[in-house]
Each structure stands twice: as C-alpha cells, then as structure tokens.
Amino acid sequence: MENLNRRRVLTLGAALGLAAAAEAPKAWAWSSANSIAGTDTVIDPWDVWDDDTDPLVATLLDNGQIPAVNAAFDSWRRNGDPLPSGLPAALTAYLSRVNTLPAWADQAKLDRAAQFNERMSMYFFLLYGLGSGIMSTVIPREARNVYWSEGGADMQARAAKTFTYGYDLNAADAFKPTGHFVVTSHKTRLTHAAVRHLLPQSPAWRAVTDHPIPISNGDILITFHSLGTYVHSKLREWRGWGLRVSAAEEEAYLHMWQVALHLLGVRDEFIPNSWAAAHEQSQYVLTPLLAPTREGIDLADTLLNLTSSVDLGVTKGFQREFARYLLSDRIGNWLRLPRDYVSRGVIEAGWPTYLVFREGLSPVMPRTFSMFDRFVRGLAMLFLNNGSSPDHTPITIPTRNRPGS
C-alpha cells in the first residue's frame, strides 16, 4: 500500500506539473471554443482586466469615498438584501447592473453542487486550506500582490477574508437570497479593482513585478485552477481509495466555479466549459508559472503558523508534512518546510486507510483514524469560524498598500 500511495502522489504531481521540472510558460493558445462563450478565438487573459469596475473604483479611491462605502457595505451581507443606501450614485448603478447571476447559470446544478459541497466539506476544507492555500504562495504574482498590498501586513485578517469567500461559496444557500456568496463576490471584485489601482503606486511592488497591472483575468484563472482544478484532480486521485464522486457531481462542482468566475469579472470566453478544458487551460495559467519567491516563503510560514494556532491534534511537523504530501516535496522544498519523516510515514500509510474507512468501505477502524479526524475537523473549524469570528468577517475595500511599500 505504501508504494502504491507514493506512486499516486507522484502521478498527481506530474499531472499538475508540481513534481516535474519547471516548464517554460507557453504562449497563450487556448481557444475560447472550449469556453462558456463558445467562440473560437484566442485572447490572452494576461492583458484583460475589468473595464466595468476599474475606472469606477479608481474614481472612488481618488475622491476619498471608499471609507464611507465600506461603512455602508457592512450591513449588506445576504444576496437578497437591498443595496445599501448612501452609496455614490455610480456605484449603485454599477451594482444594480451586475447584482444578478449570468443568464446561463443553472440553479439545479448549483443546488447539486451545494449538496456535493456538504458531503465533501471535510475533504474540501483540508484541500482548500492546506493544499490550495499553500499553493497560492508559490504563484509568484499572487504572492507578491498579496504581500505588498494592505492585507499582506495582517495575514490573519486577510486569511479570515479568504476563508469567508470559501465558506460562503460552499454554503448550502450560496447562490440563493438567504446566502452570502453573490454579495461576497461583488465585494471581492471591487477589492481587486482597488488593488489594481493601488499596487502600481508602490515602488516596492514595482521593483519585483513582471507585469504593470495586477490581478488580470489570467491571474484570477490561476486562482481558480489552484482551487477548483486542483481539488478536482485530488478527488479523481482519491477515487482509488474509495471516494465516491458521480459525473453529475463533478459537472455541478465545475458549474459552481463557472458562476463564481463570472461574478469576479472573468470574461465568459476564458471560463472553461468542461473539466477537460479546465485541465488543458491549467497547463497555460498554473503549472508552468509556479515558483518560489521571498514574499511567498514569508506568506507560507505565516499561514502555516496561523493554522498551527488552532488545535488540530497533531504536531507542526505533521501539518507541514501533510502540506508536502498534498502538493509535492518540490513545493515543500521551495517553501523551506522542515522535514518530519516519521509523520510522513504515518501520513502515507494512514491517509488512504482513513479514506477507505470514512467512506464506509472497511469495517476496521485504522489505528490512526482519530488523529486524522481531529486534524481534518480542526482545519474545517478554522474555515467555519472564518479564521477569527464565528459570525461574520467583513470584506473591505483597501485604501492603501502595505505600510512602508
């Protein structure tokens, strides 16, 4: 079993490009024929930002109106809430226009995705928190954008906002009037626009960036692939250990992410129309671009210490080895994660048996079951508490960059 486990991890790593030699970035050639839009064109997402939102937010920042907007937004939480009063007229007009799901959204698929999220929630919080969360620190542009923005100076608060986005997306009523995700998406999209206006004013950020404006459509696609496509790959891998995922659930899970990308301002011609198309696209926007940075190493250490502050029932060594196990030793080495070979042996032998037992395919509880269960539940509670608050973590539009940048 142990050798089989290692082979599966290496196979996944090779498939995602995480364990192979670094690839040269490909010239963009992904056709929108495989997108939601279904048009057969080739447009480079690295040079596409958010024409609907960027000029509006830049004006609000330059006029000093963002603090009042954030105060008004504090009471705007549920999708069915009316737009807050007292907003600038241009912002109200913008929100009135975008505050709806796309015409191609399928509520039946979104409902199925909600049921799937609930069934997979324990695994998802593990993969999002310790897999995707740490992977984000080896996406150079994302790591530098986060580090030099206002949120990079307080990673606990920034992580809480990220957890809020993930929690709201995975809620049973995420896209319904009682849910929060549509509102959370609008606030996040406006935040991205603010960062696009602010970061180019930072000499420290300009000194390390390779692109003049942050958070293009391409950068948002990277985030999607480090979350949705990565998780989909792990689910396919874990099927070999008894994880049950139907084709309808896979389709619904993709549709949830398709709607999420649309709400964040990604053009429909960049949103993959199938998992095959998503995995193909990830070969352009994720795997060739992963690399260590000084900023990413610092952020990874901060994030791992944040999760260590919650009682996960395991040592720091176990936690860091699990991050290596989920991502690859290559990424672990990039991030200078210390080794704990005893914990690694426990993980490689115990995780598959934990899955088999938890999925009801073995009547014998593995000896390490309680340890893995405490670990996964601890990470889930970190998400469910939004990183700090059991009620609400407000997403606020920034007005400055990292102090001193």
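## Burial and overall make-up

Of the protein's 405 residues, 57% count as buried, where buried means under 20% relative accessible area, exposed means over 50%, and partly exposed lies in between (1.4 Å probe, protein chains only). The protein has 17 helices and zero strands; helices (H or I, at least four residues) and strands (E, at least two) are DSSP runs, numbered from the N terminus. Among contacts with a separation of 6 or more, 76% are accounted for by residues 24 or more positions apart, a contact being heavy atoms within 4.5 Å.

Residues are numbered from 1 along each chain as its sequence is written, and side-chain values use heavy atoms, with hydrogens and water left out.

The mean pLDDT of the protein is 88, and 89% of its residues reach 70 or more; pLDDT is the predictor's confidence in each residue, from 0 to 100. Residues 1-22 have pLDDT below 50, yet this stretch has 35 contacts in the model beyond near neighbours in sequence. Where pLDDT is low, the predicted coordinates should not be read in detail.

## Helix 6 against helix 13

Two packed helices are described by the angle between their axes and the distance between the axes. For helix 6 (residues 140-148) and helix 13 (residues 294-308), the axes come within 8 Å and cross at roughly 70 degrees. Helix 6 is therefore roughly perpendicular to helix 13. Axes here are lines fitted to C-alpha atoms, for helices over the stretch in contact, with angles from 0 to 180 degrees between N-to-C directions; under 35 degrees counts as roughly parallel, over 145 as roughly antiparallel, 65 to 115 as roughly perpendicular and the rest as oblique.

On the helix 6 side, the contact is made by Ala 143, Arg 144, Val 146, Tyr 147 and Trp 148, and helix 13 brings Arg 294, Glu 295, Gly 296, Asp 298 and Leu 299. By class, that gives five nonpolar, one polar and four charged residues (Ala, Val, Leu, Ile, Met, Phe, Trp, Tyr, Cys and Pro count as nonpolar, Asp, Glu, Lys and Arg as charged, and the others, Gly among them, as polar).

## Two glutamates in helix 11

Glu 249 lies in helix 11 and is buried, with a relative accessible area of 16%. Its contacts, leaving aside residues up to four places away in sequence, are Arg 112, Phe 116, Arg 119 and Arg 244. Glu 249 and Arg 112 are 137 residues apart in sequence but 6.7 Å apart in space, C-alpha to C-alpha.

Glu 250 also sits in helix 11 (residues 247-263), and Glu 250 is buried, with a relative accessible area of 16%. With residues up to four places away again not counted, Glu 250 touches His 232, Arg 236, Arg 239, Val 245 and Trp 275. Trp 275 is itself one of the buried residues of helix 12, a helix (residues 275-285) that is mostly covered, with nine of its eleven residues buried.

## Two loop residues with positive phi

Most residues other than glycine have a negative phi. Ser 328, in the loop between helix 14 (316-327) and helix 15 (329-334), has a positive phi of about 135 degrees. Ser 328 is buried, with a relative accessible area of 7%.

Arg 336 has a positive phi of about 60 degrees and is found in the loop between helix 15 and helix 16 (341-358). Arg 336 is exposed, with a relative accessible area of 65%.

Definitions and conventions:
This is a predicted model: local features need pLDDT of at least 70, side-chain atom pairs count only at pLDDT 80 or more; totals for chains, interfaces and linings use all residues.
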